[in-house]
Amino acid sequence: MYINLEFPHLNNLNQKGRLVSIESAVLKLYPIKGTYNGKYPLPKSLTLYTADQNNSTQSVITDLSGNSVQTGNLVEDNVYYEDTHYSFDITSFIQNNLGTAGQSREKLQLFLSDNCLLYTSPSPRDRQKSR
């Protein structure tokens, strides 16, 4: 199972000046508070791939050296549960896609591991409606 992540307004950055340079880009994904716990833990890793406009997977997102696959560094906030997130360095992906359009534009695909149990609890608003 995967989720597509697109950046449709990326080229708007080119309107900020004559020379635009991306120095760093980090994607942080925050799971919804209350949708995970000891019984339904978060997966320890997620994997990002690049894909073309036809959703054909192209390549895996690696670290800056290009040697190690990034698996979404999971940072857990076990005190306040406010800042739990996965973090990916997508600098090279953004740099490569700045200025592209149409068939040249890539997207990201976030893959969830097949062996991970996915759980979503009802939102607080949905819980109140069912009472």
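In this predicted model, three strands form an open sheet in the order 2-6-5, and the pairing is antiparallel. Strands are DSSP runs of E with at least two residues, helices are runs of H or I with at least four, and both are numbered from the N terminus. Two strands count as paired if DSSP finds at least two bridges between them. Strand 2 and strand 5 (73-75) are the edge strands, each pairing on one side only. Strands of a sheet pair through backbone hydrogen bonds. Strand 2 and strand 6 are joined in the antiparallel sense by four bridges. Leucine 29 has tyrosine 86 in strand 6 as its bridge partner.

The protein chain holds two helices and seven strands. Their sequence from the N terminus is β-β-β-β-β-β-α-β-α. Of the 131 residues, 31% are buried, meaning under 20% relative accessible area with a 1.4 Å probe, counting protein chains only.

The largest nonpolar core has 21 residues. Such a core is a set of buried Ala, Val, Leu, Ile, Met, Phe, Trp, Tyr and Cys residues joined through side-chain atoms within 4.5 Å. Strand 2 (26-29), strand 6 (85-89), helix 1 (91-97) and strand 7 (107-111) each give two or more residues to this core. Leu108 is among the residues with the most contacts inside it. Leucine 108 touches, among others, Ile3, Leu27, Leu48, Ile90 and Phe93, leaving out residues up to four places away in sequence. Contact means heavy atoms within 4.5 Å.

Residues are numbered from 1 along each chain as its sequence is written. Local features need pLDDT of at least 70, side-chain atom pairs count only at pLDDT 80 or more, totals for chains, interfaces and linings use all residues, and side-chain values use heavy atoms, without hydrogens and water.

Conventions
Buried means under 20% relative accessible area, exposed over 50%, partly exposed in between (1.4 Å probe, protein chains only).
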